[in-house]
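Student: I want to learn how to read ring contacts in a model. Please take me through them step by step.

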Amino acid sequence: MTRNRAAADGVPLPIMDTYYAQRASAGLIVAEAATPNAVGQTYPNITAIHNDAHVAGWRRVTDAVHAAGGRPMFLQLQHGGRVGHPDTSGLTPLAPSPVPLPETIFTPGGHQEAVVPREMTADDIRATIADFAAAARNALDAGFAGVEVHSANGYLLHQFLAGNTNRRTDAYGGPASGRIRFVAETVRAVADAIGPERVGVRISPHSTVNGIEEGDTERIYPALIEALADIAPAYVHIVRAEPDDPVFREIRTTWPGTLIANPHLPGAAIPADGGLHQATRLLAEGADLIALGRPFLANPDLVHRLRTGAPLNPIRDAYLMYVGGETGYTDYPTLTVGS
C-alpha cells in the first residue's frame, strides 16, 4: 500500500528499510507500488524501479527484511496511466483513451485539476510492456523473489479493462477480448522475463476507485482469467474481495492456480478481529491466502497479535499514511513476544 516515503525521484529512503523490517513476520510481503517508467508516476514521493538507484534503494529494503528473518518479498509494479500529472512526473500522462480523471489529483504543489492524458499509440503500448518486463528484471536484481503486476484500482492496466476509460476501436479496445489484451500481453512479457512462477496479478472487480466504471465486470474478468491461465502466473490477487460476489466465485471456479483474497473491510477503521471474520469466509469460498493491508500498517507485529488474540493498534489519522516521516509510519507500538 502506497505510503509516499520515497525520494522525489522514486528511490526508497532509509526509513522504508525500517518500516518493512518491522513487518518481517508476514508470510509474504508484497511491497508497495513501484513505477516501471517515469511517465507512470502517480503521486509525489512514490517508489520506482526503472534505474540503478531504484534497484540499490530497494536492495536495502529487501536486505533489511531478510536480516530481520523475513521471507522473500514480491514488488508491486504499477503504472498510473491517467492518474498522474506533469507537475509530478514532468510528463503528460498516457492512457488507453484521452479521458481525464474526473477529480483533482495531488501534486507537489497541492491538489490540481487532472490533465487530459495522451492516448497511447501502438509504439507506446509496446514500449510500456517492455518497461514492465525490464522493471521485473530490476526487481529481481533488487532482491525480490517476484513481482505483482498491478491491474487494479483505476490505474493504467485497469483503465484498459474499463469501458469508461477505454474507448479505443483498435485491437486493444471494444469487446472484452480486446480490452483484456494489454493486461494479458503485459503479464506474458513479465512472465517471459523472469518466469511465471515469480509473477502475481492484482485485480479489483467492481472497483470504482479513480473514476473507473467497468461496465461489464461479469464479462471482463472471466475472459481475463482465461487468458491468465494460459500464462500460468503464480497467483491472482483480488482486492476487496467479497465471498458472496458471483464474480469472485466464478474466478475461484475457473482460476486453476493460487488465489489471494484481500477482504473488504468497510470504513477507515480496523475491525477488532483484524479482518479474521471476513478472511475465514473467503477461505471457506476457496481463497488460498489472505492479504491484509490496513491491519498491517498499524500493527507491525500483526501475526503475533492475531495468533495470541491481543488487541490491535487502531489506524491513527489516515492522512498520516501519506505525509512522510516516522509519524504514522514506523512509530506504531509492538508487543513483547510472549506477552
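Student: What lies over the face of Y332?

Tutor: General idea: a charge sits over a ring if NZ of Lys or CZ of Arg is within 6 Å of the ring centre and within 35 degrees of the ring normal. Here R316 lies over the face of Y332, 4.5 Å from the ring centre. Likewise, the charged end of R181 sits over the ring of Y172, at 4.4 Å from its centre.

Student: What is the basis for these values?

Tutor: This is a predicted model: local features need pLDDT of at least 70, side-chain atom pairs count only at pLDDT 80 or more, and totals for chains, interfaces and linings use all residues. Residues are numbered from 1 along each chain as its sequence is written, and side-chain values use heavy atoms, leaving out hydrogens and water.

Student: How many aromatic pairs does the structure hold?

Tutor: Rings of Phe, Tyr and Trp (its six-membered ring) pair if their centres lie within 6.5 Å; planes under 30 degrees apart are stacked, over 60 edge-to-face, the rest tilted. The structure holds six such pairs. One of them is Y19 with Y20, edge-to-face at 5.0 Å centre to centre and 80° between the planes.

Student: Why is the pair of W58 and F144 edge-to-face?

Tutor: Because their planes stand at 70°, with ring centres 5.4 Å apart. W58 is in helix 2 (residues 52–67; helices are DSSP runs of H or I, at least four residues) and F144 is in a loop, 86 residues apart.

Student: Is W58 buried or exposed?

Tutor: Buried means under 20% relative accessible area, exposed over 50%, partly exposed in between (1.4 Å probe, protein chains only). W58 is buried at 0%, and F144 is buried at 3%.

Student: Which residues form one aromatic cluster?

Tutor: Y19, Y20, W58, F144 and Y329.

Definitions and conventions: Helix = DSSP H or I, 4+ residues; strand = E, 2+ residues; numbered from the N terminus.
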